[in-house]
Amino acid sequence: MTNWNYHSTPHWIGMDNMQIDRELSLELKYYTGFATGGKAKAIYCPNSIEELTELLRELDKTNQKRYILGNGSNVLALDEGYDGAVILTKRFGNIQSLGNTVISDAGISLSKLCEFVRDSSLTGLEPLYGIPGTVGGAIYMNAGAFDKEIKDVLVSVIVIDRDYNLQVLTVDQCEFDYRNSCFQRDNSLIILAAKFRLATDNREDITERMNEIAAKRAAAQPLEYPSCGSTFRRPTGSYASKLIDESGLKGYSIGGAMVSTKHAGFIVNYDNATSSDILALIDEVQRVVSLKTGYELIPEIKILE
């Protein structure tokens with residue numbers, strides 16, 4: 001731990017007062033990418049590692065379910081809600097830099113991290129600019145774009161383990177694969193922060209590349225509607241959007257959920273969709289694509305259940 005030089009925000013209020021750190025609304029539609037879903041039993045927003053650890057202990061004592069949520073950009077909450085506690089990471093928002101090394105809390109948005117490293121004349125994160133997630137969520141999913149994944153610049157991750165201890169995992173210990181990591185297989189590990197090693201470059205050149213990435217996203221993706229980004233994983237030998245388009249499903253809708261007419265890889269909430277609409281559309285897309293192309297599409301989004 002000592003080589004990290006990592007410090008959380010020193011704010012401790014104790015469990016007796018934890019309710020002051022609950023969000024005003026329990027409606028999950030306000031915290032997830034599709035803007036759908038019912039209520040959680042409780043939503044907490046701890047300010048520090050100490051608060052988070054104490055909260056985890058209390059929840060585990062009573063065997064309450066819990067779900068760690070960053071920006072919720074890849075999460076679908078069910079209409080019936082979540083019978084457990086949702087823990088938001090957004091107050092874990094520190095970034096530190098030393099030379100080519102950057103340490104970022106899990107709650108920092110990827111775009112903010114990209115802007116920070118740009119302002120530090122550091123390069124390596126430009127392809128991830130504009131992905132609407134947090135650092136923690138990006139590591140959990142091994143997020144990537146334009147042939148770049150977050151693991152490519154990651155050195156290590158600091159986590160809380162099942163015994164409420166802090167651990168540092170190397171990039172190899174995270175067992176990254178395409179849109180996968182050890183954190184998806186072991187939900188007792190909670191990502192707190194990450195260390196990145198980047199390269200130096202001219203700030204103007206970095207800015208130009210980031211602007212190009214942002215323009216490509218705006219041109220190709222339906223950013224005007226709530227969504228969870230690419231709905232399906234990329235199948236071996238093809239692309240989900242290509243298969244969906246070839247299957248005649250672009251623009252197909254169920255209730256208020258629709259396969260985007262701009263990018264067939266996106267399912268969007270275009271007209272007050274419910275989570276049930278979205279799930280039904282995912283099932284139908286999988287069925288039709290399998291029937292017409294032989295490919296089995298696997299959803300990339302995570303279900304809060």
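Me: Ground rule first: two strands pair if DSSP finds at least two bridges between them. Which residue stands opposite Leu-98?

Reply: Thr-101, in E6. Strands here are DSSP runs of E with at least two residues, helices are runs of H or I with at least four, and both are numbered from the N terminus. E6 covers residues 101–105, and four bridges join E5 to E6, antiparallel.

Me: Where do the coordinates come from?

Reply: This is a predicted model, where local features need pLDDT of at least 70, side-chain atom pairs count only at pLDDT 80 or more, and totals for chains, interfaces and linings use all residues. Residues are numbered from 1 along each chain as its sequence is written, and side-chain values use heavy atoms, with hydrogens and water left out.

Me: What does the pLDDT average over the protein chain?

Reply: 91, with 92% of the residues scoring at least 70. pLDDT is the predictor's confidence in each residue, from 0 to 100. Residues 5–21 fall below 50. In the model that stretch still has 41 contacts beyond near neighbours in sequence. A contact means heavy atoms within 4.5 Å.

Me: Back to the sheet. What is the strand order?

Reply: E5-E6-E12-E10-E11, an open sheet of five strands with antiparallel pairing. The edges are E5 (95–98) and E11 (166–170), each pairing on one side only. From one strand to the next, the twist averages 20 degrees.

Me: What holds paired strands together in general?

Reply: Backbone hydrogen bonds, in parallel or antiparallel pairing.

Me: How many bridges between E6 and E12?

Reply: Five, antiparallel. Ser-104 stands opposite Ala-194 in E12. On to E10 and E12: six bridges join them, also antiparallel. There Ile-158 stands opposite Ala-193 of E12.

Me: Is E12 mostly covered or mostly open?

Reply: Mostly covered: seven of its eight residues are buried. Buried means under 20% relative accessible area, exposed means over 50%, and partly exposed lies in between (1.4 Å probe, protein chains only).

Me: Which helix lies across E5, E6 and E12?

Reply: H2, residues 110–119. H2 runs at about 30 degrees to E5. Axes are lines fitted to C-alpha atoms, for helices over the stretch in contact; angles run from 0 to 180 degrees between N-to-C directions.

Me: And H1, how far does it reach?

Reply: 18 Å from first C-alpha to last, over 13 residues (49–61). That is close to the expected 18 Å, where the expected span is 1.5 Å times one less than the number of residues.

Me: Which H1 residues are buried?

Reply: Ile-49, Glu-51, Leu-52, Thr-53, Leu-55, Leu-56 and Leu-59. The cover over the buried residues of H1 includes E1 (40–44), E2 (66–69), E4 (82–88), E10 (154–160), E11 and E12.

Me: Is Asn-142 buried or exposed?

Reply: Buried, because its relative accessibility is 0%.

Me: And Glu-175, where is its place?

Reply: In the loop between E11 and H4 (182–185). Glu-175 is partly exposed, at 45% relative accessible area.

Me: Last one. What does Thr-89 touch?

Reply: Ile-68, Leu-69, Gly-70, Ala-106 and Gly-107, leaving out residues up to four places away in sequence. Thr-89 lies in the loop between E4 and E5. Its relative accessible area is 10%, so Thr-89 counts as buried.
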